[in-house]
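Please keep the sequence and the model open while reading.

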Amino acid sequence: MSGPELDKNPGEQGTPLLELSGLRVFYGAIEALKGIDLTVGRGEAVALLGANGAGKSTTLKTVSGMLAPRHGEVRLHGERIDGIASHELVRFGLGHVPEGRRVFARMTVLENLNMGAYRFRRPDPDDLDRVFGLFPRLAERRKQIAGTLSGGEQQMLAIGRALMGKPELLLLDEPSMGLAPLIVEQIFDILREVNEQGTTLLLVEQNASEALQLANRGYVLETGEVVMSGPADTLLADPRIRAAYLGEHVEVD
Amino acid sequence: MSFHDFWDVLVLGAVLGSLYAVIAIGYTLVYGVLQLLNFAHSEVFMVGGFGGVIALTIFVPATDPSGLQSIAYVAVGMLFGAVLGGTVAFFLEKVAYRPLRRRGAPRLVFLITAIGASFFLYNLVGKLFGRNPMPMPSMYENKTVVTIFGSTISVTQALILGSAVVMLVAVDYVVNRTKLGSGIRAVAQDPEVASLMGVNIDKVVSRTFVLGGLMGGVAGFLFGTTNQVFYTMGFLPGITAFAAAVLGGIGNVRGAMLGGLTLGVVEAFTVEVWGDAWRYVGAFAVLVLVLMFRPTGILGERVARTA
Ligand SMILES: Nc1ncnc2c1ncn2[C@@H]1O[C@H](COP(=O)(O)OP(=O)(O)O)[C@@H](O)[C@H]1O
Ligand SMILES: [Mg+2]
């Protein structure tokens, strides 16, 4: 289990890889994000926690250009990227594993992975080897139609597909959703490996315990606002977090 | 019906059906990426026919063309059919549908726009080139190429069947094996995620219209080679090809091929057995029957796509 290292905290040194400032996003008249400030440093793994409807997915969708903020900025490498269409943003080294996996159900596993590399002239065979190395199960099933995979395999495929685009920053929206604990464990182990190989992670989760064990730092969202943030182990130890998100798992020290 | 007649009718049906299949691809591809029933596609077909005829009228074929000249005439006709069909489809998408997509218009608005675009296009052509049929200049002597089981296949029939098969094989390759094809399939399955992969949806949609338009335009020219072109010629083949796309499972390319061939053959046999007045009855009866038992068509997805 990797605890957060203070010297890894990005806020203090240089330009963060991703910086959200004063982000306000609306669905019609509904304000889903009410001024979010958030940074992700190069190489970090950052968890974004919060209950259903808190605005986690909205945050990720705004970063990857699926939604445009009404106020505030999104900066990647210090450059403003809000307002850029999502199909152009992949070139900036952004990968997004959407909520609910959303693999291309009528394509094979291999076709799905190739779609992840769509921005390149052709898929890089080294990336394919890497993905198959991380997820041997996908290698076995490369010819299988993605819609016939199990939920866990589809999640692996969704992550592998995003990795085929060589992302520097990988956004993950509830990768543990609806999966058995054993599979969740496997997927988080692989995400840890991906992070150690140098990919920066911004991880949206309701499974706060797994997410904070993987992350260096975390933010907690509540109805569109950041209500808490800090190093992962601090959050993990916080009684409010333990009560709200770790419900049954609370162990009194 | 004698064995000999059977083959004659089958050839007739296959020729007709292969044209329906080529037109049906245009409906099914566009439906795949936009869930739009592009009723103006029949006009893309019609315009392709006019493109071919007008080009050939200008190039004035020799009265007694040599084999090489014949091939050149056919090539010119196809080229102009394709270019005109592709161009009209391109602008149709850009002018009529894209503004609606930008504004997130409801499905019904697209449908009405499609019907409006269809009226506009065929009346425009009627106004420009007259409402009387334009004859196809003679490009070759329509003799028999081969005789199979005592029934003959003419140059025109071989030309239609041959070019249709080439186009169907080509479009199948494009959709399943090329980058454009993977973009088309990704947009059809989940446009939002496709754009996360770097697919430019506008570009893919535009190219999908052009792909369908090129094929529809050539089909219009090929249809014209059987006699003439006229401004409302898109209507019946268009409706039948649309039915073929639905029969095969709308959105499914191979389904459109299968549906087109089926309806062509059924139509030919209906006419042979019950007479010309029954021409469309047989084909549409088959459509209704199949949809009663398989509402999503022969090769259609059984699971509804998730929004
Ligand atoms: N397409 C939408 N239209 C209207 N409101 C939406 C839409 N998507 C999300 N919302 C609302 O925005 C808020 C944040 O949603 P979301 O970001 O999906 O939350 P989370 O991912 O944290 O569960 C919720 O109140 C939700 O109801
Ligand atoms: Mg969510």
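## Basis of the report

A polar contact is a pair of N or O atoms within 3.5 Å; within protein, one must be able to donate a hydrogen and the other to accept it, and residues adjacent in sequence count only if both atoms are side-chain atoms. The side chain of T58(A) has an N or O atom 2.5 Å from an oxygen atom of ligand 1.

The model is predicted, so local features need pLDDT of at least 70 and side-chain atom pairs count only at pLDDT 80 or more, while totals for chains, interfaces and linings use all residues. Residues are numbered from 1 along each chain as its sequence is written, chains are lettered from A and ligands numbered from 1 in the order in which they are written, and side-chain values use heavy atoms, with hydrogens and water left out.

## Ligand 1

The shell around ligand 1 consists of Y27(A), A32(A), A51(A), N52(A), G53(A), A54(A), G55(A), K56(A), S57(A) and T58(A). A residue is counted as near a molecule or strand if one of its heavy atoms lies within 4 Å of it. By class, the shell has four nonpolar residues, five polar and one charged. Here Ala, Val, Leu, Ile, Met, Phe, Trp, Tyr, Cys and Pro count as nonpolar, Asp, Glu, Lys and Arg as charged, and the others, Gly among them, as polar. Helix α1 (residues 56–63) of chain A gives the largest share of the shell, three residues. Helices (H or I, at least four residues) and strands (E, at least two) are DSSP runs, numbered from the N terminus.

Two further contacts involve oxygen atoms of ligand 1. A backbone N or O atom of K56(A) is 2.8 Å from one such oxygen, and an N or O atom in the side chain of S57(A) is 2.7 Å from an oxygen of the ligand. Taken alone, ligand 1 exposes 560 Å², of which the protein buries 60%. Accessible areas come from the Shrake-Rupley method with a 1.4 Å probe; for residues, only the protein chains shown count as cover.

Y27(A), one of the shell residues, belongs to strand β1 (residues 18–27) of chain A. Its relative accessible area is 39%, so Y27(A) is partly exposed. Buried means under 20% relative accessible area, exposed over 50%, and partly exposed in between (1.4 Å probe, protein chains only). Y27(A) and L67(A) are 40 residues apart in sequence, and their C-alpha atoms are 9.2 Å apart.

S57(A) is buried, with a relative accessible area of 15%, whereas E99(A) is partly exposed at 31%.

## Positive phi angles

Most residues other than glycine have a negative phi. R101(A), not a glycine, has a positive phi of about 65 degrees. R101(A) lies in the loop between β6 and α3 of chain A and is buried, with a relative accessible area of 12%. K166(A) also has a positive phi, near 50 degrees. K166(A) is in the loop between α6 (151–163) and β7 (169–173) of chain A, and its relative accessible area of 37% makes it partly exposed.

## Helices of chain B

Helix α1 (residues 3–34) of chain B has 32 residues and reaches 45 Å from its first C-alpha to its last, close to the 46 Å expected at 1.5 Å a residue. The expected span of a helix is 1.5 Å times one less than its number of residues.

Y73(B) is in helix α3 (residues 67–102) of chain B and is buried at 10% relative accessibility. Y73(B) and V204(B) are 131 residues apart along the chain, with 32 Å between their C-alpha atoms. V265(B) is in helix α10 (residues 253–274) of chain B and is partly exposed at 22% relative accessibility. V265(B) and A283(B) are 18 residues apart along the chain, and their C-alpha atoms are separated by 8.6 Å.
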